[in-house]
There are 2 protein chains.
Amino acid sequence: MTPALHDSPFLRACRREPVPTTPIWLLRQAGRYQSWYQEIRARVPFLDLCKTPDLVAEVTTRAVEQLGVDAAILFSDILLIVEPLGQELSFEKGDGPAIANPVRSGKDVDRLRTPDVGELGFVFEAVRRTRAALPATIPLIGFCGAPFTVAAYMCEGSTSRDFLLTKALMVRDEGAWHALLERITMASIDYLNGQIDAGVQAVQLFDSWVGALGPADYRRYVLPHVRRLVQGLRPLVPVIHFGTGTAALLELMKEAGGDVIGLDFRVELDEAWQRLGDVAVMGNLDPAILMATPEVIRARARRILDQAAFRPGHIFNLGHGIFQETPVENAIALVDAVHELSAR
Amino acid sequence: MTPALHDSPFLRACRREPVPTTPIWLLRQAGRYQSWYQEIRARVPFLDLCKTPDLVAEVTTRAVEQLGVDAAILFSDILLIVEPLGQELSFEKGDGPAIANPVRSGKDVDRLRTPDVGELGFVFEAVRRTRAALPATIPLIGFCGAPFTVAAYMCEGSTSRDFLLTKALMVRDEGAWHALLERITMASIDYLNGQIDAGVQAVQLFDSWVGALGPADYRRYVLPHVRRLVQGLRPLVPVIHFGTGTAALLELMKEAGGDVIGLDFRVELDEAWQRLGDVAVMGNLDPAILMATPEVIRARARRILDQAAFRPGHIFNLGHGIFQETPVENAIALVDAVHELSAR
């Protein structure tokens, strides 16, 4: 890693070192709220975009340039991994995922393929091209879905509100459940290590749906797999561990692993950090605030910065992905406000 | 109130008095998971059912008889109140609500009617007939939606995942937001007092969607209205205050009011009760557990009872509404297990 990257505010914050200004990036910072992204998507379907390294590099880099954020996150999707696992993935209009052959039983788990993440070589190539396209000072974040969230999609076959099919497998056939999560975990280790080898400076686990579980279920059905995943990664880059609806799970997420714990907007950052102790935190503005005026956005950004109180180890972010209804100028106003208000 | 009702396990638990066995009822205990309910719905649309007192009494009572639960909850819907407020409500197939004229601005708030809850007289009549139809030992719970949740439906016009339109009004026009919640609150006070006058033995506030907010936003945009609502009720019956996704909000919910705080399944009951202190609690089995075997259901019920440890003031319930996919015999198995395992 070059000194410019190593000493970037984002990576310094991941290591809980002092920074000149609080680094910020935005969950889903490249996407449909940007007109240039919509133009690309008008001619390229979502999955094709994810599988075209040059376009991934373009989209990833352009978001960084437009917003002025301190880190890039590879444009991709957490569900790409279900294809090497033997599932048929598609994205319908509105970008909602659909899996043609969801997992509903132990037999379905047995039928999954032993994945060769080489099939995701286009992602590794996208990492290389994106790294080459990015400014030398901007770290690139790779990612994958965390085991519960990937399993939830694999079981439900689509987005779900209550994850009944997922939980039904979990509580009816615990052996099949752990076999499924183990498969996802082993594939995710290879997948993230491939991204690390290809040149990302950090990786993030997205446990978007883990808030569907209470603490005891998380400990029993999820935590061992996340821990194994984190421990299986090459210890070369920081790991961000993010989930939503996790107000009751934060300590367990830390126990599972990660250098940075990502907070959603349902907790107060200072209270959450107090509970977590010696770990960096990322977050946690409600993305709905970006629908307000620049003055409100600035005031809300200041409130979070005040809670972080310049303690080393805070990365500013939204507490959930940016909405497609967001005015781009409001996202830029947030980034500018965080940089200005946090200048030491 | 008759002595039989006053001394029922459910009402004793609401008052944190010792009970012979832990009382239990189930969120949405009457509904589509029951074949007899499906038969009624095959000939009566949902909204018509809610507006037909004799059918409400039948559905409410039958669920109690079938399950053997310790309390009845009036069969109704939290959205009935939007009609006297001037909105056009319908229920599409799948029971999803739709509001033809949602609130999107301060002008829309101004256009709402000053409600006369006498328009909901069919609910009060349903309370009277249900009370007459129920066993003399079974308390009847009335309810309404809490201000945030009703406002969220009124703004979104339907079920939502992220409540962007609701929050947009909240952060763009705080005056309009508070005017909207005040209108809902005043109508809800009249509505619940009407139910109390008609003969319910307890009332519940459903803040189903309040977990979309963090603590600071709850305190600023919601808490004053809930407090006013609770303080406006005739002090004759206990108030249950329930929400989901509330792991970070529990103390504030208690501060807002209620004799019983309803817990969803995302928290551990013992930890949540510890945080809450001197108040009764209701909860909190994940309704997905009812998809498992009776042995698993029993083990999970035991775990929650162990956490409650026979402290006075625990009402057993699910942490969310029962799923329509639930085998009725599993719901009955849960009720039986709770009664058997909790016999003092």
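## A walk from the sheet to the chain contact

Start in chain A by selecting strands S7 (residues 260-262) and S8 (residues 280-285): they run parallel and are joined by 3 bridges. This is a predicted model, by the way. Within the pair, click on Ile261(A), and you'll find Val281(A) of S8(A) standing opposite.

Now widen the selection to the sheet around them. Chain A has 7 strands in an open sheet, and walking across takes you through S1-S4-S5-S6-S7-S8-S9 in that order. The pairing is parallel.

**Next stop: a helix pair**

Stay in chain A and select H7 (residues 121-133) together with H10 (residues 174-198). Their axes come within 8 Å and cross at roughly 30°. With angles under 35 degrees counting as roughly parallel, H7(A) and H10(A) are therefore roughly parallel to each other. Look at how one passes the other: the crossing of H7(A) with H10(A) is right-handed.

Show side chains where they touch. From H7(A) you want Val123(A), Phe124(A), Val127(A) and Arg128(A); from H10(A), bring up Gly194(A), Gln195(A) and Ala198(A). Colour that contact by residue class and you get 4 nonpolar, 2 polar and 1 charged.

**Last stop: where the chains meet**

Zoom out and show both chains. How many residues does each chain bring to the contact? Chain B gives 24 residues and chain A gives 24 residues.

A rotation of 180° with 0.0 Å of shift along its axis does it, at an RMSD of 0.0 Å. That's the relation of a two-fold axis. The same surface serves both copies, with 100% of the contact residues of chain B recurring in chain A. To find the axis on screen, centre on Ala247(B): among the residues of chain B, its C-alpha comes closest to the rotation axis, at 2.8 Å.

Note on methods
Residues numbered from 1 in each chain as written. Chains lettered and ligands numbered in written order. Predicted model: local features only at pLDDT ≥ 70, side-chain atom pairs only at ≥ 80, totals over all residues. Least-squares fit on C-alpha atoms with pLDDT ≥ 70 in both. Contact = placed C-beta atoms within 7 Å. Pairing = 2+ DSSP bridges. Helix = DSSP H or I, 4+ residues; strand = E, 2+ residues; numbered from the N terminus. Axes fitted to C-alpha atoms, helices over the stretch in contact; angles between N-to-C directions. Parallel < 35°, antiparallel > 145°, perpendicular 65-115°, else oblique. Left-handed = near helix turned anticlockwise from the far one by under 90°. Nonpolar A, V, L, I, M, F, W, Y, C, P; charged D, E, K, R; others polar.
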